[in-house]
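Hi everyone, thanks for coming.

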Amino acid sequence: MITAKHGAQTAEMVADAHEAYGDRKGHNYADHLSDLVNNEYGRQMGEKIAAANPGASESQLRDAITREAKNYMTSGNYARPSDFE
């Protein structure tokens with residue numbers, strides 16, 4: 001949603017700050033790497049949805065992003081910590 005509303009550069013800064021300074025208790029390096037990969041996919045998804053839906057309301061963008069995120073999760077193609085162990 002950050003990408004769709006504010007652009008990929010802003011979304012990357014927010015996500016990177018969260019990864020660098022957020023609560024990392026119980027997270028290892030593999031968790032960190034999978035988060036970074038999934039964040040990149042999220043930015044790509046936000047750009048794609050924003051481009052396909054010019055003038056969409058925030059609610060419409062949120063619905064489209066939610067559908068795409070559910071598809072991503074059910075596809076099994078998302079990054080998991082075990083991918084980096």
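Before we start, one term: when I say that residues are in contact, I mean that they have heavy atoms within 4.5 Å. And please keep in mind that this is a predicted model.

Asn38, Tyr41, Met45, Lys48, Ile49 and Ala50 of α3 touch Leu61, Ala64, Ile65, Glu68, Ala69 and Tyr72 of α4. What classes of residue make up the contact of α3 with α4? There are 9 nonpolar residues, 1 polar and 2 charged. As for the geometry, the axes of α3 and α4 lie 10 Å apart, at an angle of about 135°. That angle makes α3 oblique to α4. The crossing of α3 and α4 is right-handed.

Now let's step back to the chain as a whole.

How confident is the predictor? The average pLDDT of the protein chain is 90, and 100% of the residues score at least 70. Among the elements, helix α4, residues 58-75, has the highest mean pLDDT, at 94, while helix α2, residues 8-21, has the lowest, at 88.

That brings us to α2 and its neighbour. Helix α3 covers residues 29-52, and its axis comes within 10 Å of the axis of α2, crossing at roughly 160°. This makes α2 roughly antiparallel to α3. Here, too, we have a right-handed crossing, this time of α2 and α3. On the α2 side, the contact is made by Ala8, Ala11, Glu12, Ala15, Asp16 and Glu19; on the α3 side, by His32, Asp35, Leu36, Asn39, Arg43 and Glu47. Sorted by class, the contact of α2 with α3 holds 4 nonpolar, 2 polar and 6 charged residues.

Why are Arg43 and Glu40 about one helical turn apart? Because they are 3 residues apart in helix α3. In the whole structure, a search finds 4 salt bridges.

That's my tour, and I'm happy to take questions.

Conventions: Residues are numbered from 1 along each chain as its sequence is written. This is a predicted model: local features need pLDDT of at least 70, side-chain atom pairs count only at pLDDT 80 or more; totals for chains, interfaces and linings use all residues. Side-chain values use heavy atoms; hydrogens and water are left out. pLDDT is the predictor's confidence in each residue, from 0 to 100. Helices (H or I, at least four residues) and strands (E, at least two) are DSSP runs, numbered from the N terminus. Axes are lines fitted to C-alpha atoms, for helices over the stretch in contact, and angles run from 0 to 180 degrees between N-to-C directions. Angles under 35 degrees count as roughly parallel, over 145 as roughly antiparallel, 65 to 115 as roughly perpendicular and the rest as oblique. A crossing is left-handed if the near helix is turned anticlockwise from the far one by less than a right angle, and right-handed if clockwise. Ala, Val, Leu, Ile, Met, Phe, Trp, Tyr, Cys and Pro count as nonpolar, Asp, Glu, Lys and Arg as charged, and the others, Gly among them, as polar. A salt bridge is a side-chain nitrogen of Lys or Arg within 4 Å of a carboxyl oxygen of Asp or Glu.
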